[in-house]
Structures are given as C-alpha cells and as structure tokens.
Amino acid sequence: MNLQADRSLLMLLGTLFVLLVVASIAGWALGRALTSDSARATMKNVNARIRAWWVMAAVFGATLAGGATWSILLFGLVSFLALREFVTMVPTRRGDHRPLAWAFFVVLPVQYALVWAGWYGLFSILIPVYVSILLALWAAIGGDTQRFLERAAMTQWGLTICVYFVSCVPALLMLRIPGFEGQNARLLFFLVFVVQLSDVLQYVWGKSIGRRPLAPSISPNKTWEGLIGGLVCATAAGTALWWATPFTPLQAAALACTIGVMGFAGGLIMSAIKRDRGVKDYGTLIPGHGGMLDRIDSLCFAAPVFFHLTRYFYAT
Amino acid sequence: MIATAMAGAVRLLTGPGVEWRCAPCSGAQRIYFANHASHLDFVVIWSALPPSIRRLVRPVADRHYWEHNALRRELARHVFNAVLVDRGCASSASPREAARAATARICAGMGDRHSLILFPEGTRSLTGEVSAFKSGLYFLAQCRPEVELVPVHLWNLQRILPKGEWLPLPMLSRVVFGEPLAVRRGEEKGAFLERARAAVTELGDAA
C-alpha cells in the first residue's frame, strides 16, 4: 500500500491521531479535576488505557500503511496471543497436548497463509470443517474420554474465536470490490475503528449515566444506557466515515450498527466464558485493558459478520 | 550467549509472569527450590532471574540424563553450567552413602559464590501436584547454614511441556519467588521438608 496513493487512508489515520490527542488531554484534565478517591482510581485506569491505545493505534496504523503482508502478520500474531490466553485458561488435559500443538503451529499459520494467498474457498472451511474433524479425531484416538465433549469443544471454540474469526479481519484485504481495488485497507480500518470505538463509548456512557444493568450475572458494568449510547455514537461515527468506504452513508450506518451489536455480543459471550472459568481478565498483556482477548473480544465476533456482509453485498 | 538466547526463547514461548515476594538480589548465596513438572522448569526460573545474577546460578541436574549424549553434555557443562549428580541408587553404595556423596558434590558445586536451582521432588510430577521432598535440601541446608533457601512456585509448566512430550505448547506460565526460609533450631528433617514443600505449594495457592 502506497500512502501517497491512498490519501483517504492517511486521513483516516490522521483522524485516529487527533482523537487520541483529544482523549489524552481530556483524560489528563479529568484526572486533575476529580477529587474523590474512587474517581481518581477510575481515571488512572482510563489514562493507562489511553496510553495503551496509543501503542495499539501506532502498531495498527503502521501495518495498515505497510501493506497486506504486514496486516496479515499482525493479525496472525494477535491470533497467536489470543489463542494462548484462551488455552491457558481452559482446563485441557494431557490428551489434548498434541491436537493443541497442531492448533498453534500448523492450523494458525496455514489459516493466515490462506488469507495471504487469497484462497477464499479453503479459508472459509478449513477450521469449521477439516480441523474440527481432525483434531477431535486425534483427541479421540488419544483414548482419554474424560470430559471428551467439553475438551473437543474447547479446542474447537478456541480456534474458531481466536483464529478463524480474527483472520476475517485481514481477509477483508482479499475481497475484490469493483471500483475499490487496492483500497481495502480502509475497510479494515472501518471495522476495527468502529468496533473499538463502540467498546469505548459503551464504557463511557455506561460509566457516566449507566443505571439499568443488562446482564448483572455476567458483567455488572454493562448497562442498557451504555449499550444504546455507545451504539448510537458508534453508528454516527461509522456513518461519518462513509466517504472512505465503498458504502453509501445509509449502508455505512447499517454496517456500523451491525458491527457495534456484534461487538457487544462478543464482549458478553467472552465475559460469560471468563465467569465460567472464574477469572477477571484473560491476561495482563495490555496495561489497563487486561489480556489480548479482553481487548479483541468484540472484534472477534464483529469481524466474520462484517466480512461476510461486505463480501455478499459488494464483492464480485 | 547461547544460554541467554535460550532464556529469551523460553520467555517468548511461555510468557512467564514473574512475581517476587522477596528481594531479587540479597547478596547472599541462595538455593532456589521449586516444584518440578517439565524439562523447561529450570530455564524458566533462570530466565526469570535478573541477568546480573544468572551467570552465578547453577541448576542441579541428573547426571544420567545430561550425560546421555554429546549435545546434552555440552549444554549441561558449558551452557547451563549444571551441577550433575547421580539420582537414586545408580551406584553400588547404600542409599545413605549415595545421598551423602551427592550432597558433598552439590556443596562443592556451590563454592563460595554460586547459587543453585534445585527440584527437591527429584522427578517431574505428572499432574502438577507437588509430591514429597527428598532429603537433599535438608542436608544442604545443614552443610551450608548461611545459604538462603528460596521457595519458588512454577505454574502451568506441566501443561506446557508434560513428561513424555517433546514439543512445548506456547501457553502462559507463572513464576513466584517466596520469602527465604531456614532450618529452625532442632527441627526434624521430616518436619523441615514438609514445611519447605508447603511453602512452595502455598505460593501457588495465593497466585
């Protein structure tokens, strides 16, 4: 991707930069203005998150500008870190060792190689069909039948969420959209930006005016006010980016809203898994945010839906 | 240099969270003793130590395993600078004699500046449970009373590279270094070993 040739991408990255500057200043000012201890603690966490956002935005922006190969490598690494957190947390047994070794060292690289090669057919069925059969078969041959169903599901779901779903993000680069050739990096930006902004705005709305908890047994921080406020704002932000996409403003709004809803669903599902396992975060990789999976839970579930909608309606 | 590269590789692979409940450097010689579940264990501990003291830390390892072929021998001698001892009753001497000889060897290996990494269970656990400690730790503590005995808990290594597997899974691990302990005046061998074992286990519970 040549940045000079794609001024729109440059403008998108510039928007992100300005947004982070504004957030940093606001976070700093709020941190000084607040007096109560709990509010200060919250702002300390928020400011740690903003600093981590700078790092994540810089890495994401640099790989987008660097071209398809870099984006594929980046999301391959994200998949790896996410799968590692997932597998660490779930109670696999000795008999899962070799199937899991295959998941890490063969399935993951092959899935991203398929994205790189643009082989859509195999990309879309490798994990749901072939890998799900082969790894379950292998675990069965291993002979340990204790909690077999649960363990097969853990391996398969780990791969589906952390590898298959995440690989749908760089897979946007292989879509052929008439009149939009060579500009797919902007679709990737649109997806990641809207889904993460929706996350942040749901948090902000929830913290400021949230009253009615949505699913108190899963996540006490998720409220109806947060969800609706976040969705409306993220949809508005997505609509405002229509000029950088192959979508009309109305279509951009519909897709941004879908991304927001799917992201919310992802956050809820991944939280339910955490509650099930009795952990608060998946890891400690990203200061203020938790682990990689805590950061990308919403992206995992928004990516495949956005990818397939875009492919169905726009790609040839 | 190879050792540093290996420590780096293991850190990447197992992404260990390291927690210190004592000062990382005290100036005293130390024996780090840990639960044992995997061949990676001592490299994980070693890579978790501050680089300045790594060079002075020697793992205690089974001679039979590490002198099995030229590569292992080279690694043990020149890369890890291991103290190799005979485990169990490899020699014809009585178990007591063998234990005494091993203790003397390990004491000699410490000299007056080296610290040790020791796995008092003597063998790798299959389940992650910490089994009973062998006597070596107690004899060493008696032979070198000024040395600090630092309990270390390793978490998840039995899943990363279990006994019998050769390919490690890149899962996350955790290393917790606890407060040093010492043999109390008049403490029986069995009581001390149980207390040392409990110290390692408790570090895992609190994590």
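A residue is called buried here if 20 or more other C-beta atoms lie within 10 Å of its own, exposed if 12 or fewer do, and partly exposed in between, the C-beta atoms being placed from the backbone. A nonpolar core is a set of buried Ala, Val, Leu, Ile, Met, Phe, Trp, Tyr and Cys residues joined through C-beta atoms within 7 Å. The model is predicted, and local features need pLDDT of at least 70, side-chain atom pairs count only at pLDDT 80 or more, while totals for chains, interfaces and linings use all residues. Residues are numbered from 1 along each chain as its sequence is written, and chains are lettered from A and ligands numbered from 1 in the order in which they are written.

**Stop 1: the core**

Select A:V166, A:V169, A:L191 and A:A303, which touch the most other members of the largest nonpolar core, a set of 136 residues. Helix 7 (residues 185-209) of chain A supplies the largest share of this core, with 13 residues; helices (H or I, at least four residues) and strands (E, at least two) are DSSP runs, numbered from the N terminus. Centre next on A:V169, whose contacts (C-beta atoms, placed from the backbone, within 7 Å) are A:F75, A:L188, A:L191, A:V192, A:L299 and A:A303, not counting residues up to four places away in sequence.

**Stop 2: helix 8 of chain A**

Helix 8 (residues 224-240) of chain A has 17 residues and reaches 24 Å from its first C-alpha to its last, close to the 24 Å expected when the span is taken as 1.5 Å times one less than the number of residues. Colour its buried residues, among them A:G226, A:L227, A:G230 and A:L231, and then display what the buried residues of this helix pack against, namely helix 7, strand 1 (213-215), strand 2 (219-223) and helix 9 (249-277) of chain A.

**Stop 3: helix 2 and A:G61**

A:G61 lies in helix 2 (residues 37-66) of chain A and counts as partly exposed because it has 18 C-beta neighbours inside 10 Å. Apart from neighbours within four places in sequence, A:G61 is in contact with A:L13 and A:L16. The axes of helix 2 and helix 3 (residues 68-89) of chain A come within 6 Å and cross at roughly 140 degrees, where axes are lines fitted to C-alpha atoms, for helices over the stretch in contact, and angles run from 0 to 180 degrees between N-to-C directions. To see this contact, select A:V59, A:T63, A:L64 and A:G66 of helix 2 together with A:W70, A:S71 and A:L74 of helix 3.

**Stop 4: the sheet of chain B**

Moving to chain B, show the open sheet of seven strands, ordered 1-7-6-2-5-3-4 with mixed pairing; two strands pair if DSSP finds at least two bridges between them. Strand 1 (17-20) and strand 4 (83-85) of chain B stand at the edges, each with a single partner strand, so one side of each is left without a neighbour in the sheet.

Within this sheet, select strand 2 (residues 30-34) of chain B, where five of the five residues are buried: B:R30, B:Y32 and B:A34 on one side, and B:I31 and B:F33 on the other. Strand 2 pairs in the parallel sense with strand 6 (residues 148-155) of chain B over five bridges, and B:V150 is the bridge partner of B:Y32 in strand 6. Strand 2 also runs parallel to strand 5 of chain B, joined by three bridges, with B:Y32 standing opposite B:I117 in strand 5.

How values were computed. Contact = placed C-beta atoms within 7 Å.
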